[in-house]
Amino acid sequence: MSDPIRIVIGEDDVLLREGVSRLLTEAGFQVLAQTGDADEFLRRALGNHPDVVVVDIQMPPGNEDDGLRAAQELRRQRPDTGVLVLSQYFEEHYMVDLIGDRPEGVGYLLKERVGDVEVFIDAVNRVASGGSALDPEVVARMLGRRRAEDPLDQFSPRERDVLAAMAEGKSNRGIAESLVVTQAAVEKHVTSIFQKLGLAPAPTEHRRVLAVLTYLSESRR
């Protein structure tokens, strides 16, 4: 039997923090520590060596993006630690700043998603294993932002659907099932997306998320 995934939680809201801790514990995770302060969160995350952390973006002591900055520092010092951030509202620049050039081991969820236990637990597991997890609503908003010379202008409607599903972490088989198309058709669309965004072949699956990150980076310029 494998050891449980170890977690540190950073969340200012006591009820939400305790609720997240209970959900994770009941799902078989080991909660090493929990705190409502970003500085204390960073200390505990560095001291306990968790596999993954769950942290709110806005936390004391500054009640601004203190949690995000603590998460960024954790990623700098402990790049192998997965980071799943929670946000009350979608702020595109928060996600882009957190992910940077390394989408692996990163997740971004709206707080309301914690109530969907299956989705939340799946996101924690995915991030802990080095994958990426983006909130479906966040993906939808990202892909809905259109402007002149938007990188998505070169995509067909079906390619945009595939890109959104990719960013949600679905496999080619999962995409095929959700869009009711063949897996071969999905593979063709995925290849086309990578080619149009200039994403060269890589030894990992992370260019699937890089496809979305490329769009985000371009849209901020």
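In which sense do strand β1 and β3 pair, and over how many bridges? Strand β1 (residues 6-10) and β3 pair in the parallel sense, over four bridges. Two strands count as paired if DSSP finds at least two bridges between them. Helices (H or I, at least four residues) and strands (E, at least two) are DSSP runs, numbered from the N terminus.

The model is predicted: local features need pLDDT of at least 70, side-chain atom pairs count only at pLDDT 80 or more, and totals for chains, interfaces and linings use all residues. Residues are numbered from 1 along each chain as its sequence is written, and side-chain values use heavy atoms, with hydrogens and water left out.

Six strands form an open sheet. Their order is β2-β1-β3-β4-β5-β6, and the pairing is parallel. The edge strands are β2 (30-35) and β6 (132-134), each of which pairs on one side only. Direction ignored, neighbouring strands of this sheet are turned by 15° against each other on average. Such angles are taken between axes, which are lines fitted to C-alpha atoms, for helices over the stretch in contact; the angles run from 0 to 180 degrees between N-to-C directions. Strands of a sheet pair through backbone hydrogen bonds, either parallel or antiparallel.

Strand β4 (residues 82-87) is another partner of β3. Five bridges join β3 to β4, and the two run parallel. Here V55 stands opposite V85 in β4.

Buried means under 20% relative accessible area, exposed over 50%, and partly exposed in between (1.4 Å probe, protein chains only). Strand β3 (residues 52-56) is mostly covered, with five of its five residues buried. Both of its faces are covered. V52, V54 and D56 lie on one side, V53 and V55 on the other, and all are buried. Six of the six residues of β4 are buried, so β4 is largely enclosed by the rest of the structure. G82, L84 and L86 point one way from β4. V83, V85 and S87 point the other way, and all of these residues are buried.

Helix α3 (residues 66-77) packs with helix α4 (residues 92-99) at an angle of about 15°. Their axes are 9 Å apart. That makes α3 roughly parallel to α4. Angles under 35 degrees count as roughly parallel, over 145 as roughly antiparallel, 65 to 115 as roughly perpendicular and the rest as oblique. The crossing of α3 past α4 is right-handed, the term for a near helix turned clockwise from the far one by less than a right angle; anticlockwise is left-handed. L68, A71, Q72 and R75 of α3 make the contact with Y94, D97, L98 and I99 of α4. Contact means heavy atoms within 4.5 Å. By class, this contact has five nonpolar, one polar and two charged residues. Ala, Val, Leu, Ile, Met, Phe, Trp, Tyr, Cys and Pro count as nonpolar, Asp, Glu, Lys and Arg as charged, and the others, Gly among them, as polar.

Some backbone features fall in loops. The peptide bond from P60 to P61 is cis, with omega near 10°. P61 is placed in the loop between β3 and α3. H49, in the loop between α2 (38-48) and β3, has a positive phi near 55° and is not glycine. H49 counts as partly exposed, at 42% relative accessibility. V180 also has a positive phi, near 55°, in a residue other than glycine. V180 lies in the loop between α8 (172-179) and α9 (183-197). With a relative accessible area of 72%, V180 is exposed.
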